[in-house]
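Subject: Structure for you to look at

Hello,

Here is the structure I said I would pass on. My notes on it follow below.

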Amino acid sequence: MITIKDELLRHSDQTVALVGWSRGAHLLPVRYRQAAANTETVGVWLAGYVQQMNLSIVGIEIWGIGHSLGAHVIGIAGRNSRAFARITGLDPAGPCFEKRKDTKELRKTDAPFVDVIHTDGYFPWIDPRDWISPVNHYGTLIPLGTIDFYPNYGYKQPGAIGLHIAGSHTRAIDLFIWSIANPGKFRTYELLDGVPEFEK
């Protein structure tokens, strides 16, 4: 997120605040479920913080950006504060959020504009021998935003395998940084006509 902050400041005059919740998020992989559950606590706290900012600074436009579990934190904050003008979800976490009705995942109604980049969604046809972790995805293919981008159809990013265990998952950050440095060049040519099929 620091790299995103640096790129934003390089291209525009704005104030950037980072939320450090590493003690609640860095429980991976052993206590991932707890880290996923912590998104609600942090999101509710952040909602109170941005509400105060909204009341204190006239005309402020707040843009929340979050990666993985952080995307859901920003969504919860937006839902509870109604203070964000825009939310960007960078490959929102899939495990513990997909296929459940009671989750607090990022939603397109959390801000007037929610854009999402999906880079490591579940894809059932990936050969298990290609998996480099106990799960074959960290993100989701489920549309969560006003607009959802699916580079390389949202999974198995070229050149990302072998970088590290979550190479495709972190590719969303790289693409977002590239889009800041190259405005108007992150183009899409195909649209999904619905929600991808998932195993029940």
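Contacts between residues 24 or more positions apart make up 69% of the contacts in the chain with a separation of 6 or more. Please keep in mind that this is a predicted model.

Overall layout

The chain has 5 helices and 4 strands, and their order along the sequence is α-α-α-β-α-β-β-β-α. Of its 200 residues, 46% count as buried.

Strands β1 and β2

β1 pairs with β2 in the parallel sense, over 6 bridges. Within this pairing, Gly66 stands opposite Gly89 of β2. Together with α4, the two strands form a β-α-β unit, and the unit is right-handed.

In soluble globular proteins, nonpolar side chains tend to be buried together. The largest nonpolar core here holds 25 residues, and the members that touch the most others are Leu69, Phe84, Ile87 and Leu106. At least two residues of this core come from each of α3 (32–56), α4 (69–81), β2 (84–90) and β3 (113–117). The largest share is that of α3, with 7 residues.

Leaving aside residues up to four places away in sequence, Leu106 touches Ala71, His72, Gly75, Arg79, Ile87, Gly89, Pro92, Val114, Val116 and Leu144.

Helices α1 and α5

Two packed helices are described by the angle between their axes and the distance between the axes. For α1 (residues 2–11) and α5 (residues 167–181), the angle is about 5° and the axes lie 9 Å apart. Angles under 35 degrees count as roughly parallel, and α1 and α5 are therefore roughly parallel to each other. On the α1 side, the residues that meet α5 are Thr3, Ile4, Glu7, Leu8 and His11. Their counterparts in α5 are Ile173, Phe176, Ile177, Ile180 and Ala181.

Regards

Methods. Residues are numbered from 1 along each chain as its sequence is written. This is a predicted model: local features need pLDDT of at least 70, side-chain atom pairs count only at pLDDT 80 or more; totals for chains, interfaces and linings use all residues. Side-chain values use heavy atoms; hydrogens and water are left out. A nonpolar core is a set of buried Ala, Val, Leu, Ile, Met, Phe, Trp, Tyr and Cys residues joined through side-chain atoms within 4.5 Å. Buried means under 20% relative accessible area, exposed over 50%, partly exposed in between (1.4 Å probe, protein chains only). Contact means heavy atoms within 4.5 Å. Two strands pair if DSSP finds at least two bridges between them. A crossover is right-handed if, with the strands pointing away from the viewer, the path from the first strand over the helix to the second runs clockwise. Axes are lines fitted to C-alpha atoms, for helices over the stretch in contact, and angles run from 0 to 180 degrees between N-to-C directions. Angles under 35 degrees count as roughly parallel, over 145 as roughly antiparallel, 65 to 115 as roughly perpendicular and the rest as oblique.
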